[in-house]
Amino acid sequence: MPRLPHTAVAVLLGLACAPAFASTPPLRLESPDGRTVVTLATQGDGFPAWAVERDGQPLLAPSPLGVQLGGNERLGYGTDVAAVRRAESDATWELVAGKTRQARDHYRQLDVDLADTQGRILGVVVRAYDDGIALRYRLPRPTKGDLVVQQDLTGFLFPHDYACHALNLGRFGTSHEGEYDPIDASRLRAHHLVDLPLVCSTGAGTTTFAIAEAELDRYAALYLAGRGDGRLGVEARLSPRLDSPQVAVRLPRDEVAADGHLTPWRVLLIGDRPGALVESSLISILNPPTPLQDTAWIRPGKAAWDWWSASRAPDVTDAGMNTATIIRYIDHAAALGLDYMLIDDGWYVGSSGDGRYQPDADITRAVPALDLPAVIGHARQRGIGIWLWNHWKSLEPRMDAVFARYRELGVQGVKVDFMERDDQEMVAFIHRMARSAAQHRLMLDLHGMYRPTGLERTWPNLLTSEGVLGAEYNKWSRRITPEHNLTLPFTRMLLGPMDYTPGGFRNVAPEHFQVVFDAPRVMGTRAHQLAMYVVYESGLQMVADSPDAYLDGDGGLAPGADFLRLVPARWDETRVLAGEIGRYIVVARRSGRDWYIGAMTDQPRTLELDLDFLPAADWQATLWLDGDAPTDVRRVQERLDADRRRLGLELAAGGGAVLHLVPPSPRIAATEAAGVR
């Protein structure tokens, strides 16, 4: 992807043999807008510390920095400043997929070398953006042996008892699927294992921030835990290696650069409101740009999917994993204007159909009942691309050969599942897979996966990943409530694209919800589901239900299905117009000249939309609104005059609304301006 024009300024200040860190004035770094300030200094215990202020108010109290190396060596204690480098950069990057077409990478940077009594250098790199702070370490290359990291000593101390939302997984080695529950910071315990992001508010109507991670590469994933000393705040935990649980990272000396190894970024997303965090692209920006020169083959889109409804196809005899059923789903995708068909577990020889790994399975050969070449050929004729499901353990030993075979068959994407780890070795596998898939021009959807860290910027063929308590849980639980759906945009979705798998058209009120595995119900209204296609970010959006769910009794489209034909999965601009975690959200996204607005709520609510962000014009608006029953959708068309900048929405309990706003064509606008009707 070509880099757009930018400007950059760098200043270098070497402080060889500088006085001790404790005796020098704190080093300060301001964000470009001057609102956020980071300071580096030394605490009384001899360790360097960082603190963050926003608009003159403390956001993070002085918090420890450092890394525990092998042999319990605490790197960072008793250090002197050896050098300080300052830089500023302002660049604009074009993204292949995501919440925006262009992202601005504007920051000021402070790069400090801290030397300990053994002459080892711990680098501390801090970047200040208008929408956040990023911090990472540069670990010294060992004189002999491996670079071993046992623990990250970074702390995030809070000056007040913030109101937070946290996903306490409790253990390593999970699929990162759970609820982000409200919790006061004072109730975060040392025995908790909190997934990212941890989202906190400093008070009503004030700053919201989220602790996250970016550019996770050749390292172990970051978690958080309450502090053992009882102070307010959290401290880092690293996912342990399977071969040595006391170690998080082990790198051979010859794989460590001469000037040291850069750790992932520890990130503070910062905004004046929760919606500002949703708008931020900082997690993606902090990753390296893609090495791919040609990305035209990477096409975000929507997909039909057989697994969620247990391959339900009432008009097919013996529906299941066979040619007739998959062709029915392909025809359904074409009729609904979708881009892809995802064939899930059970399609290949030896697959169990229930997600279990089978050592003798062959992920290059379809079961006898499924004529895969014929299916792919039929899909090609209908303009539909095919995705195939894999268990990662079957893929890993012969990844390149499998991907080469898929490319030969005409497959366009692969869904890889059940990784359920984020230790150093699994992180390395994910990078290898993304690279290999790109070399074979295959897109990726990663399930059973850790939460995103921005890898989709480097490998934009990674369209989406799971790491979310999504719609599949409707098949066996009552956990997917409207409140949960309204917590996800402000928590998990802050980190990157999220394969929640929306599109359930068997809509019921929460009090009438029943668990049904083969034809799942969903809580809330159909308009609530439609809004997910605007609110939830994903370069590959599932249209999860069975083909019959999108038809009415006369064979036409069911209410609301026409919106699925229109809504894109790739966006040029994103704005969050309103929202409160767990209660409601309104998101506006632009695709070309058109705007789409999605609104979701937990309880009945009247929302007044401020449309001042729209260019002054007469807009044609189509609205899909809640009806009398959860499955009802009212379709309304209105003309919004250039001076009409407000629009009211009435949302039902667990309800929603979507809008499609189309400006007049340039020819019509010019004619009307000339007074011709």
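## Helix α9 and Thr487

A helix here is a DSSP run of H or I at least four residues long, and helices are numbered from the N terminus. Thr487 has its place in one of them, helix α9, which covers residues 482–487. The model described in this report is a predicted one.

Thr487 has a relative accessible area of 8%. Buried means under 20%, so Thr487 is buried. Its side chain reaches the backbone oxygen of Glu483 at 2.9 Å. Leaving aside residues up to four places away in sequence, Thr487 touches His165, Tyr180, Ile581 and Gly582.

## Lys99 in a loop

Lys99 is found in the loop between β8 and β9, where β9 spans 102–115. Is Lys99 buried or exposed? With a relative accessible area of 7%, Lys99 is buried.

The contacts of Lys99, again without residues up to four places away in sequence, include Val278, Glu279, Ser280 and Ser281. Others among them are Glu537, Trp571, Asp572, Glu573, Thr574 and Arg589. The side chain of Lys99 reaches the backbone oxygen of Ser280 at 2.7 Å. Lys99 and Gln118 are 19 residues apart along the chain, and their C-alpha atoms are separated by 47 Å.

## The largest cavity

Rolling a probe the size of a water molecule over the atoms shows where empty space is left. A search of the whole structure finds 4 cavities of 30 Å³ or more. The largest cavity holds about 340 Å³ of space.

Which residues lie nearest the centre of the largest cavity? They are Leu95, Ala97, Gly98, Ser284 and Glu456, out of 30 residues that line it. At least two lining residues come from each of β8 (80–94), α2 (282–285), α8 (455–458) and β30 (462–465). Helix α2 gives the largest share, 3 residues. Sorted by class, the lining of the largest cavity has 17 nonpolar, 8 polar and 5 charged residues.

## The second largest cavity

The second largest cavity contains about 110 Å³ of space. It is lined by 14 residues, and those closest to its centre are Met449, Pro452, Thr453, Leu455 and Leu462.

Helix α7 (424–439), α8 and β30 each supply at least two residues of this lining. Its residues divide into 8 nonpolar, 4 polar and 2 charged.

Strand β37 (residues 605–610) pairs with β40 in the antiparallel sense, over 6 bridges. Within this pair, Leu609 stands opposite Leu647 in β40.

## Backbone details

The peptide bond from Leu196 to Pro197 is cis, with omega near 0 degrees. Pro197 is found in strand β16, residues 194–201.

Glu215 and Ala310 are residues other than glycine with a positive phi. For Glu215, phi is near 50 degrees, and the residue is found in the loop between β17 (208–214) and β18 (222–226). Glu215 counts as buried at 18% relative accessibility, because the cut-off for buried is under 20%. For Ala310, phi is near 55 degrees, and the residue is found in the loop between β23 (301–305) and α3 (323–335). At 36% relative accessibility, Ala310 counts as partly exposed.

Conventions
Residues numbered from 1 in each chain as written. Predicted model: local features only at pLDDT ≥ 70, side-chain atom pairs only at ≥ 80, totals over all residues. Heavy atoms only, no water. Pairing = 2+ DSSP bridges. 1 Å grid on protein atoms, 1.4 Å probe; cavity = no way out; pocket = protein on both sides within 12 Å on 5 of 7 lines; lining within 4 Å. Points joined across faces, edges and corners; volume = space filled by probe spheres on them. Nonpolar A, V, L, I, M, F, W, Y, C, P; charged D, E, K, R; others polar. Buried < 20%, exposed > 50% of the residue type's maximum accessible area, 1.4 Å probe, protein only. Polar contact = N/O pair within 3.5 Å; in protein donor to acceptor, adjacent residues only side chain to side chain. Contact = heavy atoms within 4.5 Å.
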